[in-house]
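Here's a quick briefing on how this chain packs together. Have the sequence and the fold open while you read.

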Amino acid sequence: MKEFVRYIPPIHELQKDARFSTLTQTYRIDTNEMSSILKNVVSTIREQLLSACWEGELPGSQPFIDELFQKIEYELKHVYQYTIKRVINATGTILHTNLGRARLSQNAMDHVIQAAQNYSNLEYKLAEGERGSRHAHVEELIKRLTGAEAAMVVNNNAAAVFLILRALAFQKEVIVSRGQLVEIGGSFRISSIMEESGAKLVEVGTTNKTHLYDFEKAISEDTAMIMKVHTSNFKVIGFTKSVETSDLVDLAKRHTSVIFYEDLGSGALYDYSQHGIGEEPVVSDVLNQGVDIVSFSGDKLLGGPQAGVIAGKKILIDQLKKHQLARVLRVDKMTLAALEGTLLDYSKGTTAIQTIPVVRDLLATKKMLQIRTNQFIDRLTQQSSGFTVTSKESTSQVGGGTMPDVELPTVVVHIKSESMSVETLAYRLRTENTPPIVARIQKEELLLDLRTVTVEEEDIIIDALVSIDRMMSKEL
Ligand SMILES: *Cc1c(COP(=O)(O)O)cnc(C)c1O
């Protein structure tokens with residue numbers, strides 16, 4: 001095989017092949033870049049020939065040249081493609097952390113594009129012609145929507161927790177109920193973040209029960225804060241007791257130097273419980289009860305970009321804004337624009353709120369999903385006969401560690417193939433289609449939950465299934 005190395009055409013000759021310039025144009029790269037890819041491919045082939053592990057056509061023939069250019073095209077496809085790809089989420093899990101959590105509303109998207117494409121008054125006061133603060137932009141909206149005296153935004157809620165502990169409780173004691181020392185997403189532990197921040201954790205109560213007197217006894221001269229953590233991603237059932245927020249507010253008030261902070265996790269701005277969905281506290285209600293400061297995520301129930309919102313007493317927020325870490329944890333203009341767009345939707349009332357995908361998908365009823373699922377099945381069965389497709393009652397999850405005990409009633413598409421395993425079909429949907437489609441596999445069944453699929457995405461899924469069906473019949 002070694003001797004065939006000398007039949008590989010020289011680079012300058014390969015550069016004259018029509019495909020060299022066609023591919024250069026198709027991928028809009030410059031000639032030097034194309035030449036270096038060509039050289040790499042040739043040198044890999046050369047090495048494989050020398051070590052006798054080349055399995056392709058042998059040099060000196062036209063098929064060899066064809067194969068070489070196929071390899072170059074494969075290379076180009078891989079090098080010049082984004083690794084972050086749009087994905088169709090057919091799992092029904094709304095805040096799927098692995099799939100990017102919240103989808104943004106149209107207003108939020110448009111606003112991001114404006115902020116990204118142009119200069120903006122990010123840190124500039126237009127009337128005065130002077131330097132301004134990036135905190136100013138969403139602060140008024142957050143104040144209006146939550147009733148807080150002041151607010152600010154950082155990178156995510158984990159950063160918010162860290163900043164609050166570091167700036168307001170450094171080397172002081174923070175009292176937390178044992179039942180609330182949560183771990184979220186496998187990497188965020190309240191106890192660890194507390195240690196990193198330099199605040200001293202004082203655990204009170206037991207896993208299932210904490211009483212007001214546990215907190216009372218723990219308060220000392222060194223206490224800076226009572227912290228309540230929303231147990232977002234689990235629920236303790238049975239013989240339990242936690243202390244009412246109002247009791248902790250009173251306790252903190254009796255000790256004037258003690259701050260009462262609540263990490264709300266999701267931070268709902270909309271009352272989902274009015275639709276019988278979960279018991280997530282609304283941010284304004286929590287602040288109304290007298291909690292000094294709260295923090296929550298931008299991309300959980302809020303339905304905005306990754307961010308951590310901090311809201312509460314002005315005197316505390318001012319301290320946070322001044323802290324060095326505020327700069328370290330600050331958010332980008334695109335995040336601020338996305339958040340402002342989302343918050344503006346909230347401030348416009350119920351109809352605008354429905355334009356936020358997270359809210360819309362959470363409120364979608366079983367009846368609506370039944371209709372869409374039936375239509376989907378009709379259209380799919382008209383175009384392809386290779387699958388057995390039925391509808392089935394099921395439940396969707398909220399996801400993102402939010403409302404773990406809530407099961408949203410849904411109707412799903414159940415797809416079965418005689419010639420392909422559930423795993424193979426799921427794999428082909430994920431890898432052979434653009435955009436990839438992520439389905440739900442539950443108890444050996446492949447399910448599509450249209451709750452998290454837009455109407456326009458339904459067509460893409462149908463086309464993908466039809467094309468898999470066609471290939472399947474060819475393979476048989
Ligand atoms: C999700 C969550 C966090 C972390 O929020 P991120 O925005 O994901 O950083 C912190 N605390 C609680 C209670 C949470 O639920």
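Helix α17 covers residues 366-383, and in this predicted model its 18 residues reach 26 Å from first C-alpha to last. That's close to the 26 Å expected at 1.5 Å a residue.

- Which residues of α17 are buried? They are Leu369, Arg372, Thr373, Phe376, Ile377 and Leu380.
- Those six sit on the same side of α17, because they cover an arc of only 140° around the axis.
- Turn to the face pointing away from that buried side and you'll find Lys367 and Gln382, both exposed.
- The cover over the buried residues includes strands β13 (387-396), β14 (408-417) and β16 (445-448), along with helix α19 (455-475).

- In soluble globular proteins, nonpolar side chains tend to be buried together.
- Here, the largest nonpolar core has 56 residues, and the members touching the most others are Tyr272, Val294, Tyr346 and Leu362.
- Why does this core lie between domain 2 and domain 3? Both of them give residues to it, domain 2 being 88-95 + 362-475 and domain 3 being 106-355.
- Take Tyr272 as a way in: setting aside neighbours within four places in sequence, Tyr272 is in contact with Ile277, Leu301, Tyr346, Val359, Leu362, Leu363 and Met403.
- There's also a second, separate core, made of 35 residues, with Ala167, Val174, Met225 and Met227 among them.

**Thr335 in helix α14**
- Look for Thr335 in α14, the helix spanning residues 333-347.
- Is Thr335 buried or exposed? With 17% relative accessibility, Thr335 counts as buried, since the cut-off for that is under 20%.
- Leaving out residues up to four places away in sequence, Thr335 touches Pro305, Gln306 and Ala307.

**An aromatic pair**
- The model has three aromatic pairs, one of them formed by Trp54 and Phe64.
- Their ring centres are 6.3 Å apart and the planes meet at 70°, so this pair is edge-to-face; the cut-off for that label is over 60 degrees.

Terms used
Residues are numbered from 1 along each chain as its sequence is written. This is a predicted model: local features need pLDDT of at least 70, side-chain atom pairs count only at pLDDT 80 or more; totals for chains, interfaces and linings use all residues. Side-chain values use heavy atoms; hydrogens and water are left out. A nonpolar core is a set of buried Ala, Val, Leu, Ile, Met, Phe, Trp, Tyr and Cys residues joined through side-chain atoms within 4.5 Å. Buried means under 20% relative accessible area, exposed over 50%, partly exposed in between (1.4 Å probe, protein chains only). Domain bounds come from an automatic or database domain assignment. Contact means heavy atoms within 4.5 Å. Helices (H or I, at least four residues) and strands (E, at least two) are DSSP runs, numbered from the N terminus. The expected span of a helix is 1.5 Å times one less than its number of residues. The arc is that of the directions from the helix axis to the C-beta atoms. Rings of Phe, Tyr and Trp (its six-membered ring) pair if their centres lie within 6.5 Å; planes under 30 degrees apart count as stacked, over 60 as edge-to-face and the rest as tilted.
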